[in-house]
Amino acid sequence: MKAVLFDMFGVIARVQSAESQGALERTAGGDPDHFWEAYWAQRAPYDRGELTGPGYWQKVCAQLGLPLDARLTADLIAADLASWSEIDQHTVDLLGHLADRGFVLGLLSNIPEELAARYEATQPWLERFAVRGLSCRIGSAKPEAAAYQWCIRELGLPPEEILFVDDRADNVRAAREVGLQGHVFSSPEDLRAALEAVSP
């Protein structure tokens, strides 16, 4: 194995907390269950870069039947970005350990443009990745085969020499279907242990 291809959210960055989800619900107003149904129903085009932040929230609020103005749009974008911005420092530290061992590092993340730009402006550890497959810029998102194939091409390695790491089993299964090795992430310690016997 020569490369490790990382998912972002749920691995390096934390998924939305209950507090951040509550902040989004309060910002939008209305019924929380219906809010999350609309939030996820419209998310894939946003992650693939087919919608801007304002366009995404226009579709979400239209599905919910909520009025939307410029102020609410800005507030929803800000609350959404904040909800995805908490980092797991232990996994960030592991990136340095793997780079020091000679592994090539790649990133494959379902992420909208506004959030990608925020990470690039605030997280210098992104420079550790030789390849950054951000769904909003490559036009495909996990678990679509094209997302993994883009990263394989950019890494320039046979897929069997690349380990894909994601917290979602369905994404790991899709990676294995295109020939990648796969690891379902539970903690940085478990991943480190899984890689200890492997040399690039």
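**Helix 1 and its cover**

I looked up what covers the buried residues of helix 1 and found that the cover includes helix 2 (32-41), helix 4 (53-64) and helix 5 (70-83). Helices here are DSSP runs of H or I with at least four residues, strands are E runs of at least two, and both are numbered from the N terminus. Helix 1 spans residues 18-28, and its buried residues are Ser20, Gly22, Leu24 and Ala28. I took buried as under 20% relative accessible area, exposed as over 50% and partly exposed as in between, with a 1.4 Å probe and protein chains only. Gly29 follows helix 1 and has a positive phi, near 75°.

**Source of the model**

I note that the model is predicted, that local features need pLDDT of at least 70 and side-chain atom pairs pLDDT 80 or more, while totals for chains, interfaces and linings use all residues. Residues are numbered from 1 along each chain as its sequence is written, and side-chain values use heavy atoms, with hydrogens and water left out.

**Whole chain**

I listed eleven helices and five strands in the protein chain. The radius of gyration is 18 Å, close to the 16 Å that the globule rule gives for 200 residues, so the chain is as compact as a globular protein of that length. That radius is taken over C-alpha atoms, and the rule is 2.2 Å times the number of residues to the power 0.38. The C-alpha atoms fill a box of roughly 55 × 30 × 30 Å along the principal axes. Of the 200 residues, 48% count as buried. I also checked contacts, meaning heavy atoms within 4.5 Å. Among contacts with a separation of 6 or more, 66% join residues 24 or more positions apart.

I then looked at Ser109, which lies in strand 2 (residues 104-109). Ser109 has a relative accessible area of 0% and is buried. Leaving out residues up to four places away in sequence, Ser109 touches Met8, Phe9, Gly133, Leu134, Ser135 and Lys142.

Leu134 belongs to strand 3 (residues 131-134). I found Leu134 buried too, at 6% relative accessibility. Beyond its neighbours within four places in sequence, Leu134 is in contact with Leu107, Ser109, Ile111, Ala116 and Glu120. I also took the C-alpha to C-alpha distance from Leu134 to Arg48, which is 8.5 Å across 86 residues of sequence.

**Loop between helix 8 and helix 9**

Gly139 sits in the loop between helix 8 (135-138) and helix 9 (145-155). I have Gly139 down as partly exposed, at 45% relative accessibility. I checked the peptide bond from Lys142 to Pro143, and the bond is cis, with omega near 5°.

**Aromatic pairs**

I searched the whole structure and got 16 aromatic pairs. Rings of Phe, Tyr and Trp (its six-membered ring) pair if their centres lie within 6.5 Å; planes under 30 degrees apart are stacked, over 60 edge-to-face and the rest tilted. One of the pairs is Trp125 with Phe129, edge-to-face at 6.5 Å centre to centre and 70° between the planes. Trp125 is buried, at 9% relative accessible area, and Phe129 is buried at 4%.
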